[in-house]
Amino acid sequence: VYKRQEQAFDMDLWDECRGPLSDWSDADAVGGGCDLGGRDDLAAFATVARFLVEEVEDEKGELQPVWRYEARATCYISEDTPRDLEKEPFAEWIYTDKLHRVKYPLKEMREQMVDDFYAYRLHDIAYDPAGAQYFAEELENDGLPVASMTQTYAQFTEPINELMAAIREGRFVHDGDPVLRWCVSNAVAVKDRQDRWMFDKSKSSDKIDAAVALTMAFRRAMVAPRRSAGNLYITG
């Protein structure tokens, strides 16, 4: 089977995208994504906000939106993970509250999802049905909209390509979170004969959960319908 692999992200470009985030109440759409990981993995929840830059005419003379994106991610790890959390960089991340070491990572993450859903008006949250079906059902019970997104070439090619384009063109901003950066730097992407891309966890140098969650959230922000513009007048 033909597969070409390479480091997924250009880290120099990634670092250039670091900057302050906007007020997300002004976002056109906000999407979420999660990667639950395993006992020694990170559980990651990412959110991506979409903002309108301009509208340009296409070949048919129709106006098409140009978007910029902003992202943040939060990672959790179990207190009883077999990974040595006294070693760096984990010890520093935990000390500075960049990595949340908790007894029940998925419980903590679910509570944050509920908070962010109402704070940022999330369109929906993407999950991988292969390992998070029950978790998604719990989110639905909380009243949160969810979207199935299997970790396959078919599902990931478009958001990977669009995310890379946004990074190259300066239309992407992140807040410099070190755990997200570590996951992004670990990520390896593989390409098949049909020019489709996917992350390969088995070939990545270490954990990439936050990078996966980021790409899932980016996808949900990409496809979200546009919010209504202008003032809403209610008469009675």
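Predicted model: local features only at pLDDT ≥ 70, side-chain atom pairs only at ≥ 80, totals over all residues.
Me: The bend at a residue is the angle between axes fitted to the seven residues ending there and the seven starting there. Where does helix α4 bend, and by how much?

Reply: Helix α4, residues 129–141, bends by about 35° at F135. Residues are numbered from 1 along each chain as its sequence is written, and side-chain values use heavy atoms, with hydrogens and water left out.

Me: How do you know that D128 caps the N-terminal end of α4?

Reply: A side-chain oxygen of D128 lies 3.0 Å from the backbone nitrogen of A130. A polar contact is a pair of N or O atoms within 3.5 Å; within protein, one must be able to donate a hydrogen and the other to accept it, and residues adjacent in sequence count only if both atoms are side-chain atoms. The 3.0 Å distance therefore falls within the cut-off. Just after α4, G143 takes a positive phi of about 90°.

Me: Which residues of α4 are buried, and what do they pack against?

Reply: A132, F135, A136, E138 and L139 are the buried ones. Packing rests on contact, which means heavy atoms within 4.5 Å.

Me: Why does T215 count as buried?

Reply: Buried means under 20% relative accessible area, exposed means over 50%, and partly exposed is in between (1.4 Å probe, protein chains only). T215 has 0% relative accessibility, so it counts as buried. T215 sits in helix α7, residues 209–223. Leaving out residues up to four places away in sequence, T215 touches M149, F156, P159, I160, L163 and F199.

Me: Why is C17 called buried too, and where is it found?

Reply: C17 has 6% relative accessibility, so it counts as buried. It is found in the loop between α1 (11–16) and β2. Apart from neighbours within four places in sequence, C17 is in contact with I167, F172, V173 and H174.

Me: What makes R121 buried, exposed or partly exposed?

Reply: The relative accessible area of R121 is 48%, so R121 is partly exposed. R121 lies in the loop between α3 and β6. Its phi is positive, about 55°, although R121 is not a glycine. D97 also has a positive phi, near 65°, and is not glycine either; D97 is found in the loop between α2 and β5 (99–102).

Me: How do you know that the peptide bond from E88 to P89 is cis or trans?

Reply: Omega is near 5° for that bond, and the bond is cis. P89 is found in the loop between β4 (63–78) and α2 (90–95).

Me: What makes β3 and β4 a pair of strands?

Reply: Two strands pair if DSSP finds at least two bridges between them. β3 and β4 are joined by 14 bridges, so they pair, and they run antiparallel. E55 stands opposite P65 in β4. The hairpin of β3 and β4 has five residues between the strands, and G61 in its turn has a positive phi of about 80°.

Me: How many bridges join β9 to β10, and which way do the side chains of β9 point?

Reply: Three bridges join β9 to β10 (residues 197–199), and the strands run antiparallel. One of the bridge partners is M198 in β10, which stands against V190. In a regular strand the side chains alternate between the two faces of the sheet. In β9, residues 188–191, V188 and V190 point one way and A189 and K191 the other, and all are buried.

Me: What lines the largest pocket, and how much space lies in it?

Reply: About 200 Å³ of space lies in the largest pocket. Its lining has 13 residues, and the closest to its centre are E6, Q7, A8, M164 and R168. On a 1 Å grid over the protein atoms alone, a pocket is an open set of points where a 1.4 Å probe fits, with protein on both sides within 12 Å along at least five of seven lines, and lining residues have an atom within 4 Å of a point. Volume is the space filled by probe spheres set on the points, which are joined across faces, edges and corners. The largest share of the lining, five residues, comes from α5.

Note on methods
Helix = DSSP H or I, 4+ residues; strand = E, 2+ residues; numbered from the N terminus.
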